[in-house]
Amino acid sequence: MAYTELEARQRILEACHRLVENGLIARTWGNISARLSDTEMMITPSGRAYDTMKPQDLVVVNIVDGSYTGDIKPSSEKGVHADAYRLRPEVNFIVHTHQMYATAVGVSGQDLCMYDKYDPEAARVLGPWIPTTVYGTPGTQKLRDSVAHGVSGNPRSKAFLMPMHGALCLGRDQENAFEVADALERVAEHIVTTALSDTVVPEATVDGGCSVRSGNIFRLTLDGTERIGAVGSGRLHGFAAVHAAIYGHSKANTILFVTDEHIRAFSAEGRKLPSRIDDQVQIAGVGVDSVNTDASAAVLAGRITGRNALLLRGVGAFCWGKDEDDAHAVAMILSKTCLTERYAETVSKPLALSRFEALAQRVVYLTQYSKQKK
Ligand SMILES: [Zn+2]
């Protein structure tokens, strides 16, 4: 059954909090909608934080022509949602996520078949297979058309992988849409962990330190002690020198050191991250690189400039941003990307973004995001 406007506002807001809590999206990536009637839906706005969103921020959009009322701009993926409601009359709630394991699995470019003996409960929720759509740049007609093609061609499927981006989960209602997202993540996690079961993950043994900048100095907490350093100083040693270099070659105000298992495992390979996910290239930068713990100032400079993360071989990664929130978002996405890259090594012909596409998305993101922060 379609939702009343009041119910839709409540249900979508609940869903926003739930997606953030469950780690299915970071910041404002992803979007959520509810059907109001045969011709109207309500959807999350473009570029607003989910944790502070209010009922009045949600936008009513015409499913047929995409028109909307009021001054708040609806999500740029409104066309994807509108097409799904038009093509699937039984669908009343949609969540578009950037969930970790489903995103990782999407790089294979293959549809996932659901065998009953494999996970009958997931097959009941998701339908006989999970189609993978053709890649399109976020917000474009190409993305909209490719998802619509997938949805209309697979009428029994409830979840769709949007390669190098995320997933679209269709539900009879809000509860069912989450069942779909959760079942999809469970299936994808099983596939990825099975593929990676033989790899050895290095132990977390080293602390690279976290720091906060204030003007020309920064305060570094490393191995439980606090010290002060000068931005760009060539006189510092060890990890303090890396922090000084990051502040010297970026606009960062916060640097975190992250050691989760996906980052440790990929960083041990000592190579650059290819561009396999679009939110990765937007927020972390194109070609996040790796250094040894004794890298020289010149090597550091070349691998910091233009990015928001740096892998430390076999140990972890430095992630930085304008504030702590920014740095955390970089860390979350870097972890997802490292997992994706390890899975990509196990499939033949994994998908990747072209260098042009990756650079263009990074530039557009930086321009739009800096406007939003002002
Ligand atoms: Zn998205």
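**Chatting through helix packing and a zinc site**

Colleague: At what angle do α2 and α5 pack, and how far apart are their axes?

Modeller: The angle is about 25°, and the axes of α2 and α5 are 9 Å apart. That makes the two helices roughly parallel, because anything under 35 degrees counts that way. Keep in mind that this is a predicted model.

Colleague: And is the crossing of α2 and α5 right-handed or left-handed?

Modeller: Right-handed. On the α2 side, the contact is made by Gly 79, Val 80, Asp 83, Ala 84, Arg 86 and Leu 87. From α5, the residues taking part are Leu 143, Arg 144, Val 147, Ala 148, Val 151 and Ser 152.

Colleague: Staying with α5, which of its residues are buried?

Modeller: Leu 143, Ser 146, Val 147, Ala 148, Gly 150 and Val 151 are the buried ones in α5.

Colleague: What do the buried residues of α5 pack against?

Modeller: They pack against α2, which runs over 78-87, plus strands β7 (159-162) and β8 (166-171).

Colleague: What span should α5 have, going by its residues?

Modeller: Helix α5 covers residues 141-153, so 13 residues at 1.5 Å each should span 18 Å. Its end C-alpha atoms are 18 Å apart, which agrees.

Colleague: Back to α2. How many of its ten residues are buried?

Modeller: Seven of the ten, so α2 is largely enclosed by the rest of the structure. The buried ones are Gly 79, Val 80, His 81, Ala 82, Asp 83, Ala 84 and Tyr 85.

Colleague: What covers the buried residues of α2?

Modeller: The cover includes β1 (31-35), β2 (40-43), β4 (93-97), α5 and β8.

Colleague: Okay, metal time. Which residues are the protein donors of the zinc ion?

Modeller: Three histidines: His 96, His 98 and His 165, each through NE2. They sit 2.0 to 2.1 Å from the zinc ion.

Colleague: How are the donor residues spaced in sequence?

Modeller: The pattern is H-x1-H-x66-H.

Colleague: His 96 and His 98, buried or exposed?

Modeller: Both are buried.

Colleague: New topic: where is Val 315 found?

Modeller: In the loop between β14 (309-312) and β15 (316-321). Its relative accessibility is 11%, so Val 315 counts as buried.

Colleague: Which residues does Val 315 touch, not counting those up to four places away?

Modeller: Val 206, Phe 257, Thr 259, Arg 264, Ser 267 and Thr 293.

Colleague: What about Lys 251, buried or exposed?

Modeller: Exposed, because its relative accessibility is 70%. Lys 251 sits in the loop between α7 (238-248) and β12. Its C-alpha atom is 6.7 Å from that of Lys 322, 71 residues away along the chain.

Colleague: Last one: at what angle do α1 and α6 pack?

Modeller: About 20°, with axes 11 Å apart, for α1 (residues 5-21) and α6 (residues 174-195). The two helices are therefore roughly parallel to each other, and their crossing is right-handed. The contact is made by Arg 11, Glu 14, Ala 15, Arg 18 and Leu 19 of α1 with Gln 174, Glu 175 and Phe 178 of α6.

Technical notes
Residues numbered from 1 in each chain as written. Predicted model: local features only at pLDDT ≥ 70, side-chain atom pairs only at ≥ 80, totals over all residues. Heavy atoms only, no water. Donors = N, O, S within 2.8 Å, 3.2 Å for Na, K, Ca; no water. Buried < 20%, exposed > 50% of the residue type's maximum accessible area, 1.4 Å probe, protein only. Helix = DSSP H or I, 4+ residues; strand = E, 2+ residues; numbered from the N terminus. Expected span 1.5 Å × (residues − 1). Contact = heavy atoms within 4.5 Å. Axes fitted to C-alpha atoms, helices over the stretch in contact; angles between N-to-C directions. Parallel < 35°, antiparallel > 145°, perpendicular 65-115°, else oblique. Left-handed = near helix turned anticlockwise from the far one by under 90°.
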